[in-house]
Amino acid sequence: MVPILLLVVCLVTTVASQDLCTPLGPCSCEIAGKGIIDLSSIGKIGVAAFPSLIPSIHTDPASYDLNVCYGFNKDRCQNTTCCQSISSTTFACGYPSQVNYYIYNDSPNVIMTYDSSDGTIQRTAIITLVCDKSAKTPTVTAQGETQGDRGKYRFTLTSICACPGGCAGTTLQPTTVPPVICTRKDACSCEVEGRGIIDLHSIAKQGAWTGLTSSTGSDPSNYSLAVCAGFNDGACHEASCCRTTNGTKYTCGRANAFSFGNSHNTGNVIIEYLGDDAGVTVVELICDMSVYGVKVVALGEKMEVANAYYFTLSSRCACPGLCSSDQGITTAIYSTTQSVTTQTTQTTSIFRIYSRFRYSPFS
């Protein structure tokens with residue numbers, strides 16, 4: 001019994017003494033007493049820093065485009081850090097917003113992971129960061145996916161920036177994000193040349209998303225929002241956006257006065273609705289393969305731009321070619337500000353829906 005007890009104590013001591021790299025965001029983490037690992041000078045904005053990677057595992061027929069820190073678009077891979085290509089089909093294998101850092105067992109290397117899900121398959125890009133102070137130019141090799149470890153894609157990134165303090169504080173000169181030009185088809189859809197139709201018919205709500213409050217906290221108003229068709233609410237008639245301030249309702253966007261454009265900051269498609277008194281409502285469409293249904297966030301009125309009201313709408317239906325009008329109205333409509341009743345009369349909180357189970361990518 002004594003030797004077994006000593007072995008258990010030894011194992012516990014090994015795990016407890018292990019370093020942690022505390023996340024600081026999608027680009028960096030900090031090891032206490034050693035410094036910050038900062039990859040912001042490696043990642044590129046809007047494009048893959050490491051395209052067309054061929055895996056060393058010969059049983060993996062795919063090729064990969066990889067980035068760190070920032071999302072890029074390629075076919076059906078939208079705002080992803082990892083895109084897997086098999087024949088003519090692409091799959092997102094990591095999103096910049098879903099990043100984790102690990103130091104596994106006694107390895108000296110930090111492991112960075114990006115998660116993604118299409119609703120049926122959980123995919124994870126696993127990037128081993130190898131510190132090499134002589135590697136001024138970063139290199140990446142792809143090991144790929146093994147047959148016994150589906151959905152996990154392994155890469156190795158070697159760089160001085162993988163060393164604590166190696167590139168801390170380095171700033172990246174932003175690459176211009178190419179705008180997405182989407183040609184109007186009707187009030188609920190537009191077409192991106194060569195990529196397909198963004199079709200919102202299947203997520204359009206009968207009525208409006210109500211009780212939306214500004215996520216920035218600087219706008220005290222409440223909002224109701226709809227896409228595709230107008231709604232009536234008090235003084236708001238045939239509205240896409242209705243703003244309530246101190247009990248007074250105001251049409252901040254009319255359903256029949258709309259246009260498609262693109263965001264100068266992100267390149268994403270936007271829908272603009274003209275409102276009363278020269279106001280405008282801007283709805284940015286964010287392609288997110290993991291969102292079945294829709295996630296609506298009200299940013300509200302920005303102090304520096306009067307009478308302009310901003311929202312984001314995240315959904316897989318905001319991706320070109322993924323949804324069609326014959327799919328019917330979605331059975332679940334979600335809001336970030338309240339619990340809402342789905343069309344199957346179930347009430348669910350967005351914060352509960354979007355909480356993710358944390359798992360080890362090495363199992």
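Q: What makes Asp233 partly exposed?
A: Its relative accessible area is 25%. Buried means under 20%, exposed over 50%, and partly exposed lies in between (1.4 Å probe, protein chains only). So Asp233 counts as partly exposed at 25%.

Q: What is the basis of these values?
A: This is a predicted model, where local features need pLDDT of at least 70, side-chain atom pairs count only at pLDDT 80 or more, and totals for chains, interfaces and linings use all residues. Residues are numbered from 1 along each chain as its sequence is written, and side-chain values use heavy atoms, with hydrogens and water left out.

Q: Why is the contact of Lys249 with Asp233 called a salt bridge?
A: The closest N and O atoms are 3.4 Å apart. A salt bridge needs a side-chain nitrogen of Lys or Arg within 4 Å of a carboxyl oxygen of Asp or Glu. The Lys249 and Asp233 pair therefore qualifies.

Q: Which parts of the chain does the pair of Lys249 and Asp233 tie together?
A: Lys249 lies in strand 22 (residues 248–254) and Asp233 in strand 20 (residues 231–233), so the pair ties together parts that are 16 residues apart in sequence. Strands (E, at least two residues) are DSSP runs, numbered from the N terminus.

Q: Is Lys249 buried, exposed or partly exposed?
A: Lys249 has 29% relative accessibility, so it counts as partly exposed.

Q: How many salt bridges does a search of the whole structure find?
A: The search finds 9. One of them joins Asp149 and Arg154, with the closest N and O atoms 2.8 Å apart. Another joins the side chains of Arg150 and Glu145 at 3.6 Å, N to O.

Q: What makes Arg150 exposed or buried, and what of Glu145?
A: Arg150 has a relative accessible area of 56%, so it is exposed. Glu145 is at 10%, so it counts as buried.

Q: How do you know whether Asp149 and Arg154 are buried or partly exposed?
A: Asp149 has 16% relative accessibility, so it counts as buried. Arg154 has 26%, so it counts as partly exposed. Asp149 and Arg154 also belong to a network of salt bridges with Lys152.

Q: How many aromatic pairs does the structure hold?
A: It holds 6. Among them is the pair of Tyr64 and Phe155, 5.5 Å centre to centre with 85° between the planes. Tyr64 is in strand 5 (residues 63–66) and Phe155 in strand 14 (residues 152–159), 91 residues apart. Both Tyr64 and Phe155 are buried.

Q: What makes the pair of Tyr223 and Phe311 edge-to-face?
A: The centres are 5.5 Å apart and the planes 85° apart. Rings of Phe, Tyr and Trp (its six-membered ring) pair if their centres lie within 6.5 Å; planes under 30 degrees apart count as stacked, over 60 as edge-to-face and the rest as tilted. So the Tyr223 and Phe311 pair is edge-to-face. Tyr223 lies in strand 19 (residues 222–225) and Phe311 in strand 27 (residues 308–315), so the pair ties together parts that are 88 residues apart in sequence.

Q: Why does Tyr223 count as buried?
A: Tyr223 has 1% relative accessibility, so it counts as buried. Phe311 is buried too, with a relative accessible area of 1%. Ring pairs link Tyr223 and Phe311 with Tyr250 and Tyr309 into a cluster.

How values were computed
Helices (H or I, at least four residues) and strands (E, at least two) are DSSP runs, numbered from the N terminus.
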